[in-house]
Amino acid sequence: MTTERLVRIIAGAFVLVSLALGVEASPVFVSKHFLWFTLFVGANLFQSGFTRVCPLESMLRRLGVKPA
């Protein structure tokens, strides 16, 4: 698996989990403040689309995952 694919999988999982924890209609609701994490992940994905700089991708490369 490549870094690009793992970034998409991990970011998607983070968004789904933070939405489940932050939306009041969810059965696993904890606090609405988890929505800030959703915002952070989305903003990071947005900026990395323009700058091609992604902290998660850098960490995965250091861990030995092959680049795309």
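Gly42 counts as partly exposed because its relative accessibility is 36%, where partly exposed covers the range between buried, under 20% relative accessible area, and exposed, over 50% (1.4 Å probe, protein chains only). The model is a predicted one, in which local features need pLDDT of at least 70 and side-chain atom pairs count only at pLDDT 80 or more, while totals for chains, interfaces and linings use all residues. Residues are numbered from 1 along each chain as its sequence is written, and side-chain values use heavy atoms, with hydrogens and water left out.

Gly42 is found in helix H2, helices being DSSP runs (H or I, at least four residues) numbered from the N terminus. Helix H2 spans residues 35-51 and also holds Phe40, which counts as exposed because its relative accessibility is 52%. From Gly42 to Glu57 there are 15 residues in sequence and 15 Å in space, C-alpha to C-alpha.

Side chains of opposite charge can pair when their charged atoms come close. Glu57 pairs with Arg61, their closest N and O atoms being 3.2 Å apart, and both residues lie in helix H3 (residues 55-62), 4 residues or about one turn of the helix apart. Arg8 forms a salt bridge with Glu4, with 3.3 Å between the closest N and O atoms; these two are separated by about one helical turn because they are 4 residues apart in helix H1 (residues 3-22).

Glu4 and Glu57 are also among the residues nearest the centre of the largest pocket, which is lined by 16 residues. A pocket is an open set of points on a 1 Å grid over the protein atoms alone, where a 1.4 Å probe fits, with protein on both sides within 12 Å along at least five of seven lines, and lining residues have an atom within 4 Å of a point. H1 gives the most to this lining of the largest pocket, with 5 residues, and by class the lining has 7 nonpolar, 4 polar and 5 charged residues.

The second largest pocket is lined by 14 residues, and Phe14 and Phe40 are among the closest to its centre. H2 gives the most to the lining of this second largest pocket, with 6 residues, and the lining divides into 12 nonpolar, 2 polar and no charged residues.

Conventions: A salt bridge is a side-chain nitrogen of Lys or Arg within 4 Å of a carboxyl oxygen of Asp or Glu. Ala, Val, Leu, Ile, Met, Phe, Trp, Tyr, Cys and Pro count as nonpolar, Asp, Glu, Lys and Arg as charged, and the others, Gly among them, as polar.
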